[in-house]
Amino acid sequence: MEDELIHTLAAGYALHALDPDEEQAFQTHLATCPSCRQDVAAFSETASGLGLAAPSSQPPPELRERILAATRVHDNVVTMRPRWAYPVLVAAAAATCAAIGLGIWAGILHSRLGSSNGMHTLALHGATGSVLVAQNGESTLVLSGLRPAPAGKTYEVWVIHGQNPEPAGLFRTAATTLRLTRRVPHGAEVGVTLERVGGSLHPSSTPIVVSAAA
Amino acid sequence: MVHAMRDLAHLSDEALVALVARGEESALAELYDRYGGPAYSLSRHVLRDRSLAEDAVQEAFLAVWRGADRFVPERSKAATWIMTLVHRRAVDLVRREQRRRTEPIGDIESVDCEPSAAEAVWLRLERENVQQALRRLPDHQRETLELAYYGGFTQSELAVRLGRPLGTIKSQMHAALANLRELVEATAREESWKTN
(Lines give C-alpha, C1' and ligand atoms only; values in the text may rest on other atoms or scores of the structure.)
Protein backbone atom coordinates (compact mmCIF):
# COMPACT_ATOMS: atom_id res chain seq x y z
CA MET A 1 0.00 0.00 0.00
CA GLU A 2 2.64 2.44 1.12
CA ASP A 3 4.78 1.03 -1.66
CA GLU A 4 2.27 1.95 -4.30
CA LEU A 5 2.19 5.51 -3.12
CA ILE A 6 5.91 5.83 -3.08
CA HIS A 7 6.17 5.05 -6.79
CA THR A 8 4.39 8.31 -7.61
CA LEU A 9 7.10 10.44 -6.04
CA ALA A 10 9.61 10.23 -8.87
CA ALA A 11 8.56 13.52 -10.48
CA GLY A 12 8.64 15.43 -7.22
CA TYR A 13 12.01 13.90 -6.48
CA ALA A 14 13.43 14.93 -9.85
CA LEU A 15 12.21 18.48 -9.20
CA HIS A 16 13.73 18.42 -5.70
CA ALA A 17 10.28 19.31 -4.44
CA LEU A 18 9.53 16.50 -2.01
CA ASP A 19 9.29 17.38 1.64
CA PRO A 20 12.50 16.42 3.42
CA ASP A 21 11.34 13.23 5.15
CA GLU A 22 9.58 12.06 2.03
CA GLU A 23 12.69 12.76 0.00
CA GLN A 24 14.73 10.65 2.35
CA ALA A 25 12.21 7.81 2.30
CA PHE A 26 12.15 7.90 -1.48
CA GLN A 27 15.92 7.89 -1.68
CA THR A 28 15.98 4.73 0.41
CA HIS A 29 13.27 3.25 -1.76
CA LEU A 30 15.27 4.03 -4.92
CA ALA A 31 18.04 1.71 -3.86
CA THR A 32 15.71 -1.27 -4.24
CA CYS A 33 13.34 -0.14 -7.01
CA PRO A 34 14.75 -0.25 -10.55
CA SER A 35 11.51 1.05 -12.08
CA CYS A 36 11.56 4.16 -9.90
CA ARG A 37 15.22 4.64 -10.77
CA GLN A 38 14.24 4.59 -14.40
CA ASP A 39 11.45 7.11 -13.79
CA VAL A 40 13.80 9.38 -11.91
CA ALA A 41 16.36 9.20 -14.71
CA ALA A 42 13.79 10.19 -17.33
CA PHE A 43 12.17 12.88 -15.18
CA SER A 44 15.55 14.30 -14.22
CA GLU A 45 16.42 14.76 -17.84
CA THR A 46 13.22 16.72 -18.40
CA ALA A 47 13.78 18.71 -15.22
CA SER A 48 17.30 19.59 -16.29
CA GLY A 49 15.74 20.89 -19.50
CA LEU A 50 13.87 23.36 -17.30
CA GLY A 51 17.26 24.27 -15.91
CA LEU A 52 18.68 24.95 -19.36
CA ALA A 53 15.59 26.99 -20.18
CA ALA A 54 16.18 29.50 -17.38
CA PRO A 55 16.65 33.05 -18.66
CA SER A 56 20.23 33.56 -19.69
CA SER A 57 22.59 35.53 -17.51
CA GLN A 58 26.37 35.77 -17.65
CA PRO A 59 28.50 34.47 -14.79
CA PRO A 60 31.29 36.85 -13.74
CA PRO A 61 34.49 35.85 -15.57
CA GLU A 62 36.41 35.29 -12.33
CA LEU A 63 34.05 32.54 -11.21
CA ARG A 64 35.80 30.06 -13.49
CA GLU A 65 39.21 30.58 -11.92
CA ARG A 66 37.73 30.61 -8.46
CA ILE A 67 36.20 27.20 -9.03
CA LEU A 68 39.41 25.77 -10.45
CA ALA A 69 41.40 27.22 -7.55
CA ALA A 70 38.95 25.71 -5.10
CA THR A 71 39.42 22.26 -6.64
CA ARG A 72 43.17 22.64 -6.18
CA VAL A 73 42.72 23.57 -2.57
CA HIS A 74 40.25 20.78 -2.21
CA ASP A 75 42.44 17.99 -3.38
CA ASN A 76 45.73 19.35 -2.26
CA VAL A 77 44.33 18.96 1.11
CA VAL A 78 41.03 17.52 1.89
CA THR A 79 41.22 14.22 0.07
CA MET A 80 44.97 13.93 -0.50
CA ARG A 81 44.58 12.30 -3.87
CA PRO A 82 47.68 10.22 -4.57
CA ARG A 83 48.24 12.01 -7.87
CA TRP A 84 49.40 15.01 -5.88
CA ALA A 85 52.51 13.13 -4.90
CA TYR A 86 54.46 14.88 -7.64
CA PRO A 87 57.66 16.88 -7.39
CA VAL A 88 57.88 19.80 -5.03
CA LEU A 89 58.42 22.40 -7.77
CA VAL A 90 55.07 21.68 -9.38
CA ALA A 91 53.44 21.55 -5.99
CA ALA A 92 54.87 24.94 -5.18
CA ALA A 93 53.44 26.43 -8.36
CA ALA A 94 50.05 24.89 -7.67
CA ALA A 95 50.17 26.05 -4.10
CA THR A 96 50.73 29.63 -5.21
CA CYS A 97 47.58 29.49 -7.32
CA ALA A 98 45.78 27.70 -4.53
CA ALA A 99 46.73 30.39 -2.07
CA ILE A 100 45.09 32.98 -4.28
CA GLY A 101 41.90 30.95 -4.38
CA LEU A 102 42.29 30.16 -0.74
CA GLY A 103 41.68 33.68 0.45
CA ILE A 104 38.37 33.66 -1.37
CA TRP A 105 37.61 30.17 -0.17
CA ALA A 106 38.39 31.10 3.39
CA GLY A 107 36.17 34.12 2.96
CA ILE A 108 33.32 31.94 1.82
CA LEU A 109 33.94 29.51 4.66
CA HIS A 110 33.96 32.39 7.06
CA SER A 111 30.76 33.90 5.86
CA ARG A 112 29.11 30.51 5.70
CA LEU A 113 30.34 29.16 8.99
CA GLY A 114 30.42 32.52 10.70
CA SER A 115 26.74 32.98 10.12
CA SER A 116 25.94 29.72 11.88
CA ASN A 117 25.87 30.41 15.55
CA GLY A 118 28.76 30.09 17.91
CA MET A 119 31.55 29.85 15.35
CA HIS A 120 34.81 31.42 16.40
CA THR A 121 38.22 31.99 14.95
CA LEU A 122 41.68 31.36 16.42
CA ALA A 123 44.58 33.40 15.12
CA LEU A 124 47.73 31.59 13.93
CA HIS A 125 51.34 32.37 14.68
CA GLY A 126 53.97 31.11 12.25
CA ALA A 127 51.78 31.25 9.12
CA THR A 128 48.96 33.30 7.66
CA GLY A 129 45.49 32.04 8.43
CA SER A 130 43.28 30.89 11.23
CA VAL A 131 41.40 27.98 12.73
CA LEU A 132 37.62 28.12 12.45
CA VAL A 133 36.08 26.37 15.42
CA ALA A 134 32.40 25.47 15.57
CA GLN A 135 30.51 25.32 18.81
CA ASN A 136 30.80 21.53 18.93
CA GLY A 137 34.57 21.78 18.46
CA GLU A 138 34.62 20.72 14.79
CA SER A 139 37.36 22.75 13.19
CA THR A 140 38.88 23.77 9.91
CA LEU A 141 42.43 24.99 9.53
CA VAL A 142 42.83 27.65 6.85
CA LEU A 143 46.45 28.50 6.33
CA SER A 144 48.93 29.78 3.78
CA GLY A 145 52.49 31.00 3.65
CA LEU A 146 54.39 27.80 4.45
CA ARG A 147 56.96 26.19 2.20
CA PRO A 148 55.66 23.03 0.55
CA ALA A 149 56.76 20.06 2.64
CA PRO A 150 60.15 18.72 1.46
CA ALA A 151 60.36 15.28 -0.14
CA GLY A 152 59.65 12.54 2.37
CA LYS A 153 58.06 14.96 4.82
CA THR A 154 54.55 16.07 5.63
CA TYR A 155 52.97 18.73 7.76
CA GLU A 156 50.98 17.29 10.60
CA VAL A 157 48.29 19.12 12.55
CA TRP A 158 47.91 18.60 16.30
CA VAL A 159 45.22 19.42 18.77
CA ILE A 160 47.12 20.31 21.90
CA HIS A 161 45.17 20.06 25.10
CA GLY A 162 47.22 19.83 28.26
CA GLN A 163 50.32 17.66 27.91
CA ASN A 164 49.03 15.49 25.15
CA PRO A 165 49.14 16.61 21.50
CA GLU A 166 46.86 14.45 19.38
CA PRO A 167 47.16 14.07 15.58
CA ALA A 168 44.41 15.86 13.65
CA GLY A 169 45.37 15.76 9.96
CA LEU A 170 48.15 15.89 7.37
CA PHE A 171 48.96 18.14 4.46
CA ARG A 172 51.99 18.79 2.27
CA THR A 173 51.25 22.04 0.50
CA ALA A 174 52.15 25.63 1.27
CA ALA A 175 48.50 26.51 1.72
CA THR A 176 45.59 24.45 2.92
CA THR A 177 41.97 24.34 3.96
CA LEU A 178 41.88 21.27 6.13
CA ARG A 179 39.03 19.91 8.11
CA LEU A 180 40.58 18.54 11.30
CA THR A 181 39.92 14.92 12.14
CA ARG A 182 39.70 15.78 15.82
CA ARG A 183 37.59 18.31 17.66
CA VAL A 184 39.19 21.28 19.32
CA PRO A 185 37.90 21.51 22.89
CA HIS A 186 37.74 24.69 24.90
CA GLY A 187 41.20 25.82 25.99
CA ALA A 188 43.05 23.70 23.42
CA GLU A 189 45.47 24.97 20.79
CA VAL A 190 46.16 23.81 17.27
CA GLY A 191 49.76 23.31 16.19
CA VAL A 192 51.59 22.19 13.06
CA THR A 193 54.88 20.26 12.89
CA LEU A 194 56.92 18.74 10.10
CA GLU A 195 56.93 14.94 10.24
CA ARG A 196 57.92 11.96 8.11
CA VAL A 197 55.47 11.17 5.30
CA GLY A 198 52.60 9.21 6.74
CA GLY A 199 52.64 11.26 9.91
CA SER A 200 53.56 10.41 13.47
CA LEU A 201 51.60 9.66 16.62
CA HIS A 202 53.61 12.18 18.62
CA PRO A 203 55.14 15.44 17.41
CA SER A 204 58.90 15.18 16.87
CA SER A 205 59.55 18.89 17.45
CA THR A 206 57.92 22.01 18.84
CA PRO A 207 55.24 23.34 16.48
CA ILE A 208 56.25 25.70 13.67
CA VAL A 209 52.72 27.07 13.60
CA VAL A 210 50.55 27.41 16.64
CA SER A 211 47.12 28.90 17.23
CA ALA A 212 45.69 30.93 20.04
CA ALA A 213 43.78 28.89 22.61
CA ALA A 214 40.19 27.97 21.80
CA MET B 1 50.14 18.69 -16.65
CA VAL B 2 48.06 21.80 -17.19
CA HIS B 3 49.02 21.95 -20.83
CA ALA B 4 48.90 18.24 -21.52
CA MET B 5 45.21 18.20 -22.48
CA ARG B 6 44.80 21.33 -24.50
CA ASP B 7 42.24 20.22 -26.99
CA LEU B 8 39.24 18.84 -25.17
CA ALA B 9 36.63 20.56 -27.28
CA HIS B 10 35.96 17.45 -29.36
CA LEU B 11 35.25 15.23 -26.37
CA SER B 12 31.76 14.30 -25.21
CA ASP B 13 30.54 15.56 -21.85
CA GLU B 14 30.71 12.02 -20.55
CA ALA B 15 34.32 11.59 -21.66
CA LEU B 16 35.14 14.83 -19.87
CA VAL B 17 33.56 13.56 -16.67
CA ALA B 18 35.70 10.44 -16.96
CA LEU B 19 38.79 12.65 -17.20
CA VAL B 20 37.64 14.71 -14.24
CA ALA B 21 37.37 11.46 -12.30
CA ARG B 22 41.08 10.97 -13.01
CA GLY B 23 41.81 14.38 -11.57
CA GLU B 24 42.21 16.21 -14.88
CA GLU B 25 41.56 19.81 -14.01
CA SER B 26 41.44 20.98 -17.62
CA ALA B 27 38.50 18.64 -18.20
CA LEU B 28 36.61 20.35 -15.39
CA ALA B 29 37.47 23.68 -16.97
CA GLU B 30 36.03 22.47 -20.27
CA LEU B 31 32.84 21.28 -18.54
CA TYR B 32 32.59 24.68 -16.91
CA ASP B 33 33.00 26.35 -20.28
CA ARG B 34 30.08 24.29 -21.55
CA TYR B 35 27.76 24.42 -18.52
CA GLY B 36 28.95 27.31 -16.37
CA GLY B 37 26.66 29.71 -18.24
CA PRO B 38 23.45 27.67 -17.94
CA ALA B 39 24.39 26.71 -14.38
CA TYR B 40 24.75 30.34 -13.40
CA SER B 41 21.59 31.36 -15.26
CA LEU B 42 19.58 28.73 -13.42
CA SER B 43 21.05 29.59 -10.02
CA ARG B 44 20.46 33.24 -10.61
CA HIS B 45 16.87 32.61 -11.63
CA VAL B 46 16.24 30.55 -8.50
CA LEU B 47 18.20 32.67 -6.04
CA ARG B 48 17.80 36.13 -7.57
CA ASP B 49 21.10 37.13 -6.06
CA ARG B 50 24.48 37.25 -7.76
CA SER B 51 26.76 36.12 -5.03
CA LEU B 52 24.48 33.35 -3.80
CA ALA B 53 24.19 32.17 -7.40
CA GLU B 54 27.98 32.09 -7.66
CA ASP B 55 28.17 30.07 -4.45
CA ALA B 56 25.66 27.56 -5.79
CA VAL B 57 27.57 27.16 -9.06
CA GLN B 58 30.89 26.79 -7.26
CA GLU B 59 29.52 24.18 -4.89
CA ALA B 60 27.96 22.28 -7.76
CA PHE B 61 31.18 22.19 -9.77
CA LEU B 62 33.12 21.11 -6.71
CA ALA B 63 30.56 18.33 -6.35
CA VAL B 64 31.30 17.38 -9.97
CA TRP B 65 35.00 17.34 -9.15
CA ARG B 66 34.53 15.18 -6.09
CA GLY B 67 31.80 12.95 -7.45
CA ALA B 68 32.98 12.33 -11.01
CA ASP B 69 34.29 8.87 -10.15
CA ARG B 70 30.79 7.83 -9.09
CA PHE B 71 29.06 9.12 -12.23
CA VAL B 72 27.50 6.30 -14.24
CA PRO B 73 27.08 7.32 -17.89
CA GLU B 74 24.62 4.48 -18.52
CA ARG B 75 22.27 6.00 -15.97
CA SER B 76 22.16 9.61 -17.08
CA LYS B 77 23.66 12.19 -19.36
CA ALA B 78 26.46 14.25 -17.89
CA ALA B 79 24.50 17.42 -18.67
CA THR B 80 21.56 16.13 -16.65
CA TRP B 81 23.81 15.19 -13.77
CA ILE B 82 25.50 18.59 -13.69
CA MET B 83 22.28 20.59 -13.99
CA THR B 84 20.68 18.44 -11.28
CA LEU B 85 23.58 19.18 -8.94
CA VAL B 86 23.30 22.88 -9.70
CA HIS B 87 19.55 22.92 -9.17
CA ARG B 88 19.77 21.10 -5.85
CA ARG B 89 22.42 23.47 -4.55
CA ALA B 90 20.45 26.50 -5.67
CA VAL B 91 17.20 25.28 -4.15
CA ASP B 92 18.86 24.24 -0.90
CA LEU B 93 20.39 27.69 -0.67
CA VAL B 94 17.18 29.53 -1.46
CA ARG B 95 15.42 27.53 1.23
CA ARG B 96 18.14 28.14 3.77
CA GLU B 97 18.36 31.82 3.03
CA GLN B 98 14.59 32.18 3.17
CA ARG B 99 14.74 33.95 -0.15
CA ARG B 100 11.85 32.29 -1.86
CA ARG B 101 9.57 34.33 -3.97
CA THR B 102 6.41 35.70 -2.54
CA GLU B 103 5.32 37.13 -5.87
CA PRO B 104 4.29 34.84 -8.73
CA ILE B 105 7.06 33.76 -11.05
CA GLY B 106 6.82 35.94 -14.11
CA ASP B 107 6.26 34.47 -17.49
CA ILE B 108 9.54 32.88 -18.33
CA GLU B 109 9.76 34.50 -21.75
CA SER B 110 9.54 38.04 -20.44
CA VAL B 111 13.06 38.31 -19.12
CA ASP B 112 15.29 41.29 -19.23
CA CYS B 113 18.56 39.52 -20.00
CA GLU B 114 19.34 38.95 -23.63
CA PRO B 115 21.15 35.71 -24.39
CA SER B 116 24.72 36.64 -25.18
CA ALA B 117 26.10 36.27 -28.66
CA ALA B 118 28.65 33.82 -27.34
CA GLU B 119 25.99 31.48 -26.13
CA ALA B 120 26.08 28.10 -27.80
CA VAL B 121 23.49 27.39 -30.41
CA TRP B 122 22.42 24.09 -28.85
CA LEU B 123 21.58 25.94 -25.66
CA ARG B 124 19.47 28.51 -27.41
CA LEU B 125 17.57 25.78 -29.23
CA GLU B 126 17.10 23.79 -26.05
CA ARG B 127 15.79 26.83 -24.21
CA GLU B 128 13.34 27.71 -26.96
CA ASN B 129 12.21 24.13 -27.17
CA VAL B 130 11.52 23.79 -23.45
CA GLN B 131 9.90 27.21 -23.18
CA GLN B 132 7.62 26.40 -26.06
CA ALA B 133 6.66 23.11 -24.42
CA LEU B 134 6.01 24.91 -21.14
CA ARG B 135 3.66 27.31 -22.84
CA ARG B 136 1.65 24.41 -24.18
CA LEU B 137 1.01 22.99 -20.70
CA PRO B 138 -2.30 23.71 -18.97
CA ASP B 139 -1.88 26.75 -16.71
CA HIS B 140 -2.16 24.95 -13.39
CA GLN B 141 0.43 22.39 -14.45
CA ARG B 142 2.86 25.02 -15.63
CA GLU B 143 2.37 26.94 -12.42
CA THR B 144 3.07 23.89 -10.29
CA LEU B 145 6.23 23.07 -12.24
CA GLU B 146 7.61 26.59 -12.22
CA LEU B 147 6.95 27.20 -8.56
CA ALA B 148 8.54 23.88 -7.63
CA TYR B 149 11.55 24.01 -9.93
CA TYR B 150 12.39 27.70 -10.11
CA GLY B 151 10.70 28.78 -6.88
CA GLY B 152 12.10 26.03 -4.66
CA PHE B 153 8.78 25.24 -3.01
CA THR B 154 8.15 21.76 -1.68
CA GLN B 155 4.94 19.92 -2.42
CA SER B 156 3.32 20.65 0.92
CA GLU B 157 4.31 24.31 0.72
CA LEU B 158 2.69 24.43 -2.68
CA ALA B 159 -0.47 22.87 -1.32
CA VAL B 160 -0.72 25.69 1.21
CA ARG B 161 0.26 28.39 -1.21
CA LEU B 162 -2.07 27.30 -3.98
CA GLY B 163 -4.86 26.19 -1.67
CA ARG B 164 -5.06 22.71 -3.18
CA PRO B 165 -4.95 19.37 -1.37
CA LEU B 166 -1.47 17.83 -1.14
CA GLY B 167 -2.61 14.81 -3.12
CA THR B 168 -3.73 17.07 -5.95
CA ILE B 169 -0.37 18.83 -5.98
CA LYS B 170 1.44 15.51 -6.15
CA SER B 171 -0.58 14.21 -9.05
CA GLN B 172 -0.46 17.55 -10.87
CA MET B 173 3.29 17.66 -10.52
CA HIS B 174 3.62 14.16 -11.87
CA ALA B 175 1.28 14.85 -14.77
CA ALA B 176 2.96 18.17 -15.52
CA LEU B 177 6.45 16.72 -15.75
CA ALA B 178 5.26 13.74 -17.77
CA ASN B 179 3.45 16.08 -20.17
CA LEU B 180 6.42 18.36 -20.46
CA ARG B 181 8.60 15.41 -21.27
CA GLU B 182 6.32 14.34 -24.09
CA LEU B 183 6.04 17.84 -25.47
CA VAL B 184 9.79 18.37 -25.40
CA GLU B 185 10.39 15.06 -27.10
CA ALA B 186 7.77 15.82 -29.72
CA THR B 187 9.35 19.15 -30.54
CA ALA B 188 12.77 17.55 -30.68
CA ARG B 189 11.39 15.01 -33.14
CA GLU B 190 9.91 17.77 -35.30
CA GLU B 191 13.25 19.54 -35.24
CA SER B 192 15.21 16.51 -36.32
CA TRP B 193 12.64 15.96 -39.04
CA LYS B 194 13.28 19.41 -40.38
CA THR B 195 17.02 19.00 -40.42
CA ASN B 196 17.14 15.51 -41.87
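I started by reading along the sequence of chain B, which gave me the pattern α-α-α-α-α-α-α-α. That is 8 helices and 0 strands. Worth noting before going on: this is a predicted model. I then checked burial, and 41% of the 196 residues of chain B count as buried. For contacts in chain B with a separation of 6 or more, I found that 65% are accounted for by residues 24 or more positions apart.

**H2 and H4 of chain B**

Next I looked at one helix pair inside the chain. The axes of H2(B) and H4(B) come within 9 Å, and they cross at roughly 30°. Angles under 35 degrees count as roughly parallel, so H2(B) is roughly parallel to H4(B). I also noted the hand: H2(B) passes H4(B) in a right-handed crossing.

Who makes the contact? From H2(B) I listed B:Leu31, B:Tyr35, B:Pro38, B:Ala39, B:Leu42, B:Ser43, B:Val46 and B:Leu47. H4(B) answers with B:Ala79, B:Ile82, B:Met83, B:Val86, B:His87, B:Ala90, B:Val91, B:Leu93 and B:Val94. Sorted by class, this contact has 15 nonpolar, 2 polar and no charged residues.

**Cores**

Which members of the largest nonpolar core touch the most others? I got B:Leu28, B:Val64, B:Ile82, B:Val86 and B:Leu177, out of 71 residues in that core. I followed up B:Val86, leaving aside its neighbours within four places in sequence. B:Val86 is in contact with B:Ala39, B:Leu42 and B:Ser43, with B:Ala56, B:Val57 and B:Ala60, and with A:Gly51 from the other chain. There is also a second, separate core of 30 residues, and A:Val131, A:Leu141, A:Tyr155 and A:Phe171 are among its members.

Leaving aside neighbours within four places in sequence, its contacts are B:Val17, B:Ala78 and B:Trp81.

**Where B meets A**

Last topic, the interface. I counted 55 residues of chain B in contact with 41 residues of chain A. On the side of chain B that touches chain A, at least two residues each come from H2 (25–47), H3 (50–67), H4 (78–96), H5 (121–136), H6 (139–149), H7 (155–162) and H8 (166–195). H2(B) gives the largest share, 12 residues. By class, that side of chain B has 27 nonpolar, 16 polar and 12 charged residues.

Helix H4 of chain A (residues 34–52) and H5(B) have axes that come within 8 Å and cross at roughly 110°. Since 65 to 115 degrees counts as roughly perpendicular, H4(A) is roughly perpendicular to H5(B). A:Gly49, A:Leu50 and A:Leu52 make the contact from H4(A), and B:Leu123, B:Glu126, B:Arg127 and B:Val130 make it from H5(B). I sorted these into 4 nonpolar, 1 polar and 2 charged.

Conventions
Residues numbered from 1 in each chain as written. Chains lettered and ligands numbered in written order. Predicted model: local features only at pLDDT ≥ 70, side-chain atom pairs only at ≥ 80, totals over all residues. Contact = placed C-beta atoms within 7 Å. Helix = DSSP H or I, 4+ residues; strand = E, 2+ residues; numbered from the N terminus. Nonpolar A, V, L, I, M, F, W, Y, C, P; charged D, E, K, R; others polar. Buried ≥ 20, exposed ≤ 12 C-beta atoms within 10 Å, placed from the backbone. Axes fitted to C-alpha atoms, helices over the stretch in contact; angles between N-to-C directions. Parallel < 35°, antiparallel > 145°, perpendicular 65-115°, else oblique. Left-handed = near helix turned anticlockwise from the far one by under 90°. Core = buried A, V, L, I, M, F, W, Y, C linked by C-beta atoms within 7 Å.
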